[in-house]
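Work through the exercises below with the model open. Each task is followed by a stepwise solution.

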Amino acid sequence: MSCRRSAEIDLAAFAADRHAPEWRGFRAHYPVCPDCSRAVAAWAQLHSVLEASVAEESAHVAEDELLAVAADPVRLPEARRRAVEAHLAGCAPCRSELAVLRGFDFAALGAPAARRFAAEEPPGWIDRLAAALIPLRRPAFALAVAVLVAIPAGIAMWRLWQGAASPGAPPPIAQEEPVVTPPAPGPGAEPGARELAREPAPAAPPAPEPAPAPVVAERASPERAGGARIAETPPAPRLPAPDLAPPAPEAVDLAALLPEQPPHYRERFTVAAAPLATGTAIRGSIGDLPALRPLAPDRGGATLSPTPTLYWYLSEPSAVPVELTLIAEDAVEPLLELRFEAPVAAGLHALPLDGRGVALSAGATYAWYATLVPDAQHRDLDFVSGTAIRYEPATADLERRLEEAGAARRAHVLAEQGYWIDAFAALTRIAQDHPESTRARAQQVALLEQAGLGTVAAGLTAPTH
Amino acid sequence: MGRGSEDWAAVLERLLEGDRAALFALTRLVNSFLARWNAYDFRDEWDDLIQEVLLAAATAVRDGTLRERDAAFGYLRTTARFKFCDRLKRHLRLAEDEILAWEDVVEGGLEPAAELSDGARVRDVRRALEALPAVQREVVQAVHVRGQTYEEAAVATGIPLGSLKRHLRDGLRALREVLGSDEGYP
């Protein structure tokens, strides 16, 4: 034995806590050292023996139950479903299996025409594959609120009735948050007014230019804003975008340090059971209204910050006001309401919650809406697009991994761990700081596509004017 | 019957037909390989790795490059091993042609759990587990049997994280002493 390293350390302690920072050196050493590999193998074998010793007792979720959970959890009796969910919450191997069951790309297998072992082509293969794939798609859920379905449908019908034309060329992309100015007090803007004060919308110009200074009205929930009554508050000053990534030293070109591969988003938190608003209304322009979308995966996005930076996207300059609303599930009053008076610039907009006197509660789900308001007197004509977010505090392990990852790999770790909101914010910050970086932009786009936001991704890659 | 004696070629064929039960069986098989190979340095990448292995094996069946039915299990295991070692090298920032000593361990030293899960050995391990102080047994089972992370185990057992790691270390050490390495145990 030429290497004494494994004999000089407490291997039991290593086996018990291999991810601890003090083992970093040994973790990198033993796989390339024959002596230490053998020493660690003995402990790995112990793990294998322990696992095998209970294999007959079926410590993990049974096949049929995991398949049912992957396909449609409601097929399981409620009590059993809860038991399985409780097991999954604490069992990494079963979570891995569930992730594969949900995410396996059957389409990548292609047609099985040349199968080596099959005696004959099974009839109806495509039908069976389709049947197998359908349950893998995300099921519909209760969070689809009837009014959110009705509003886009009403808008669509209204636009059809007007004979509106389809949208034109891709819009210019604004990478900056619109410059905001203090709100002009209006008739309904007194502190304590029940409704969010709104400036009368100006007559919509036929071809509005991006606005340098839209008027913004903001309302924060009283219980979240130091007990103040509902009031129109001055807009938050322009805040530095994403608060999560540590500030990059000037000398470091983070874009150049980004990993070659884009981040891989994994849905690890079920934030919302379904998109809050669905249909063509949230994916493209309706009539002469631009497409508006709060950015998060279609089943919602998780954040590890109580005050994350959220993003929303407008495909074209809007001649009508835009409202942003953040409201906790089951809450009556919104946590935050913002109104941008027209015209509103097209592009990607940041909404940092930090500094606005609001904070998300851990584990609570918030609906996040972006609304185009074509007629303030007829709110049934609003165009609403919704998603959901949830604050899931990071575990100590994740915090350590983020620290180890550094700023350039931060988005990758966050995406991997299901924190799409923060991963996108981290990447967007790099893309904004390094507009010349095609890699940063490509990874930003990849993350959007993985979240089902292909339309937004296409908008970001369209040539700018 | 051990996992190696199952007709994995048939399972792969069913996977090609979109059979999700086959996907489950294959996933659990590759999952068990990774657990045995101590692939915990990138635990959160397992589902990706499993998918890569299954796609490669199913494609080999589809294209006829896997010619012997009996070779399916070996093909799955070897493919998983190659992909695991590639990923481990990437994590260690090793060049592709650098020697990875752990690969030898994976290849020959850690046998399938099924071969350990019969008869006297299982009884010995269970007896050794039962002989542990309750708190040590609880954390060993949480982490090494149920596969919980330390944080998850701490929440599930109500034991503070630092204490949990200490109990785990002591429990593993006691198990090794009880089981010994001279009788074929680790």
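**Exercise 1.** State the area buried between chain A and chain B and the share given by carbon and sulfur atoms.

Solution. The model is predicted. Step 1: the buried area between the two chains is about 7200 Å². Step 2: carbon and sulfur atoms give 60% of that area. Step 3: in terms of residues, 83 of chain A are in contact with 75 of chain B.

**Exercise 2.** Count the salt bridges and polar contacts across the interface of chain A and chain B, and check one salt bridge by distance.

Solution. Step 1: the rule finds five salt bridges across the interface. Step 2: take the pair D47(B) and R266(A), whose closest N and O atoms are 2.3 Å apart. The cut-off is 4 Å, so a Lys or Arg nitrogen and an Asp or Glu carboxyl oxygen within that distance qualify. Step 3: eleven residue pairs, both at pLDDT 80 or more, are in polar contact between the chains.

**Exercise 3.** Which helix of chain A supplies the largest share of the side that touches chain B, and how do the residues of that side divide by type?

Solution. Step 1: the helices that each supply at least two residues include helix 2 (11-16), helix 4 (34-53) and helix 11 (396-416) of chain A. Step 2: helix 4 of chain A gives the largest share, 17 residues. Step 3: the side of chain A that touches chain B divides into 50 nonpolar, 13 polar and 20 charged residues.

**Exercise 4.** Name buried residues of helix 7 of chain B, and describe the backbone just after this helix.

Solution. Step 1: helix 7 of chain B covers residues 134-145. Step 2: among its buried residues are Q136(B), V139(B), V140(B) and V143(B). Step 3: just after the helix, G147(B) has a positive phi of about 75°.

How values were computed. Residues numbered from 1 in each chain as written. Chains lettered and ligands numbered in written order. Predicted model: local features only at pLDDT ≥ 70, side-chain atom pairs only at ≥ 80, totals over all residues. Heavy atoms only, no water. Contact = heavy atoms within 4.5 Å. Buried area = accessible area lost by both parts, 1.4 Å probe. Salt bridge = Lys/Arg side-chain N within 4 Å of Asp/Glu carboxyl O. Polar contact = N/O pair within 3.5 Å; in protein donor to acceptor, adjacent residues only side chain to side chain. Helix = DSSP H or I, 4+ residues; strand = E, 2+ residues; numbered from the N terminus. Nonpolar A, V, L, I, M, F, W, Y, C, P; charged D, E, K, R; others polar. Buried < 20%, exposed > 50% of the residue type's maximum accessible area, 1.4 Å probe, protein only.
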